[in-house]
Amino acid sequence: TAFAPGRGPHVVITAGPTREALDPVRYLSNHSSGKMGYALAAAAVAQGARVTLISGPVSLPTPHGVTRIDVESAQQMHTEALRLAPEAALFIGCAAVADYRSASPAEHKLKKQEDSDTLTLTLIKNPDIIAEVAALTAEKRPLVVGFAAETQQIERYAHDKLRRKRLDMIVANDVSQAGLGFGSNDNAALLLWRTAEGIQQRTEPAQPKNQLAQGIIRQALALLSV
Ligand code: C5P
């Protein structure tokens with residue numbers, strides 16, 4: 001254990017998918033199970049951190065010792081993240097936030113149109129939560145760790161994302177590999193982090209998500225103490 005139980009830094013983690021309402025009964029979402037984020041929360045508690053989990057809709061039990069805040073939409077997740085991040089030492093964005101939401105969610109259930117075979121939805125960009133946290137002024141800015149799910153050129157896109165979102169560390173994984181990533185229990189990852197000398201990296205082989213989570217938390221807590 002890095003810290004005595006509950007004596008470690010405050011860690012805020014986003015996890016799971018977001019749901020973007022189209023009308024009162026329909027939404028846009030994705031297949032994120034939340035497993036990786038929940039495993040990170042449990043690993044952070046095990047290493048002595050105080051953990052707040054901002055969770056999209058998932059069917060997972062809250063890990064022991066974790067404070068969980070449930071949200072549905074990206075906008076709700078954004079509100080909670082920016083409320084909590086300035087008090088945190090470490091922010092980990094593990095949620096699969098929907099990039100877009102309906103520009104005008106209908107107040108009443110959308111009716112099937114009899115006169116047309118197509119329906120056009122206009123979507124609008126959601127805020128980039130982690131980029132906004134990373135852009136907080138120095139005294140309010142936690143150490144920021146992001147995730148990147150890629151299907152090709154993992155290392156290159158991870159570097160790009162680390163720079164573009166001004167993250168301190170990124171965990172990149174290949175979601176095209178069968179049996180790894182989305183929905184599964186195992187994951188492999190490439191970890192990239194900034195040091196005074198430049199960007200360092202390490203690969204984590206395929207392993208259960210809760211084991212990988214321990215390695216990620218250990219690396220992030222090590223960065224906090226330099
Ligand atoms: O750009 P991309 O969605 O691939 O970046 C993934 C990283 O950014 C993850 O850490 C994810 O949690 C975070 N993210 C976010 N808000 C968004 C989109 C992504 O915090 N709107």
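Visitor: Among contacts in the chain between residues at least 6 apart in sequence, what percentage join residues at least 24 apart?

Guide: Two residues are in contact if their C-beta atoms, placed from the backbone, lie within 7 Å. Among such contacts between residues at least 6 apart in sequence, 64% join residues at least 24 apart. Please note that this is a predicted model, in which local features need pLDDT of at least 70 and side-chain atom pairs count only at pLDDT 80 or more, while totals for chains, interfaces and linings use all residues. Residues are numbered from 1 along each chain as its sequence is written.

Visitor: How many helices and strands are there in the chain?

Guide: Helices (H or I, at least four residues) and strands (E, at least two) are DSSP runs, numbered from the N terminus. The chain has 5 helices and 12 strands.

Visitor: Which residues of helix 2 are buried?

Guide: A residue is buried if 20 or more other C-beta atoms lie within 10 Å of its own, exposed if 12 or fewer, and partly exposed in between. In helix 2 (residues 74-84), the buried residues are Ala 74, Met 77, His 78 and Ala 81. Because they cover an arc of only 105 degrees around the axis, they lie on the same side of helix 2; the arc is that of the directions from the helix axis to the C-beta atoms. These buried residues pack against strand 1 (10-15), strand 2 (20-23), strand 4 (50-55), strand 7 (100-102) and helix 3 (129-134).

Visitor: Is Cys 94 buried or exposed?

Guide: Cys 94 is buried, because 26 other C-beta atoms are within 10 Å. Cys 94 sits in the loop between strand 6 (90-93) and strand 7. Not counting residues up to four places away in sequence, the residues that Cys 94 touches include Ile 13, Met 36 and Phe 147.

Visitor: Where does Lys 161 lie?

Guide: Lys 161 belongs to helix 4 (residues 154-164). Lys 161 counts as partly exposed because it has 19 C-beta neighbours inside 10 Å. Leaving aside neighbours within four places in sequence, Lys 161 contacts Gly 146, Ala 148 and Ile 170.

Visitor: Which residues come nearest to the ligand?

Guide: A residue is near a molecule if its C-beta atom, placed from the backbone, lies within 6 Å of it. Of the 14 residues around the ligand, Gly 93, Val 97, Ile 129, Ile 130 and Gly 146 come nearest. Strand 9 gives the most to this shell, with 3 residues.
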